[in-house]
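Me: I have a structure open and would like to learn how to read it. Please take me through it one feature at a time.

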Amino acid sequence: MNGDHFDLDQPTVEARLRGRPPEPIQVHWVEIEGTRFPVKQALETMLGISRATFTSHTARYQFDRLGFPTSTTTANATGGPTPPSAAIESAATEHQPTVEEAGAAFATLVAFLRTGPLTTGISALEHNLLNADRTTAADITAAAGLTEELLHAALTVRRDVGRVSDVIHATVITLALPHILEDDEIVSNRPSLGPGNDQSRPFDLETNKRVAEFKVAVWSGGDMMRKRGLTKDLVHLALHDDQRRPELWVTGTDPIRFLQTSSSPVGSLLSRASHHQQARYEARFGTTEIALRDFVTEHAAHIRLRNIADALPSLAEAFL
């Protein structure tokens, strides 16, 4: 995961979680020795890394591989008690909607997002619910447009487009290839188009001339998680040693400006990276108190910072 290798089997997982209290389950779970844990809590405990570094989809995938029942694979086949949120999710996924039904659900959700209380902020609704009883709460909720139809529409859309970020990531890389590959350049290793990398594919793209990481998220303010992920990929490239040129491709100019101007310590930005990467960073570069902008000029000056919109100008407006 994310370039780090872990060895797990069922007995190891069971031993590490035995006796641990499960946190409240929001949606997705894994069942281990009859107890259901939130998948991200369970995998965080297994690997000793922050749950902020992986998605629920990644966690479910790993537990599915190990043969444990999860909210995705069993649909409550074990017969155990189902948390309310999981019951809602299960009800929404029992019926596989047609393309037309999914389209109608998406239209319902978009119409609400453009006209409902979330457009201008939900604080007004929160104030309206203050001191409400069950009768007035129902009236206020209905007046705000928060209906069961909207809930089922949102769950349908989330299931069908929940991996849209993966689609964007894979599509951007593959569309960019014809524009960025040089005449005598070939892809030398299977590209990593999905979430995360592994030991055999440490970079999103490897050719006979370059190694590259792609960060496709569009920054919009409050981007601390994106800043941490960007710094992690920058350090990952800076730690790489061979003659191929390293490149970090981003969406827009904000990520590049952040790298070149931020005074935040690199150690702080790497605080949620894997212990393995933090140890490699300290062994190679020493102090973690160096400002990111100084790290860029002193240790990462050889890394090319590239704007994806330059390679795909037709998508520049879509990125914005």
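Me: How many bridges join strand E5 to E6, and do they run parallel or antiparallel?

Reply: Note that this is a predicted model. In general, strands of a sheet pair through backbone hydrogen bonds, either parallel or antiparallel. Here, strand E5 (residues 245–250) is joined to E6 by four bridges, and the two run parallel.

Me: Next, the helices. Which span should helix H9 have, at 1.5 Å a residue?

Reply: Helix H9 (residues 164–180) has 17 residues, which should span 24 Å.

Me: Which residues of H9 are buried?

Reply: An α-helix has 3.6 residues a turn, so residues three or four places apart point the same way. In H9 the buried residues are Asp166, His169, Ala170, Val172, Ile173, Ala176, Leu177 and Ile180. They cover an arc of only 160° around the axis, which means that they lie on the same side of H9.

Me: Which residues are exposed on the other side of H9?

Reply: Val167, Pro178 and His179 are exposed there.

Me: Is Ala309 buried or exposed?

Reply: Ala309, found in helix H15 (residues 308–311), has 16% relative accessibility. Buried means under 20%, so Ala309 counts as buried.

Me: How far apart are Ala309 and Ala176, in sequence and in space?

Reply: They are 133 residues apart in sequence, while their C-alpha atoms are 9.6 Å apart in space. For the chain, take the contacts between residues at least 6 apart in sequence: 65% of these join residues at least 24 apart.

Me: What does the chain contain overall, in helices and strands?

Reply: The chain has 16 helices and six strands. Of its 320 residues, 38% are buried. The accessible surface comes to about 17600 Å², with 53% belonging to carbon and sulfur atoms.

Conventions:
Residues are numbered from 1 along each chain as its sequence is written. This is a predicted model: local features need pLDDT of at least 70, side-chain atom pairs count only at pLDDT 80 or more; totals for chains, interfaces and linings use all residues. Side-chain values use heavy atoms; hydrogens and water are left out. Buried means under 20% relative accessible area, exposed over 50%, partly exposed in between (1.4 Å probe, protein chains only). Contact means heavy atoms within 4.5 Å. Accessible areas come from the Shrake-Rupley method with a 1.4 Å probe; for residues, only the protein chains shown count as cover. Two strands pair if DSSP finds at least two bridges between them. The expected span of a helix is 1.5 Å times one less than its number of residues. The arc is that of the directions from the helix axis to the C-beta atoms.
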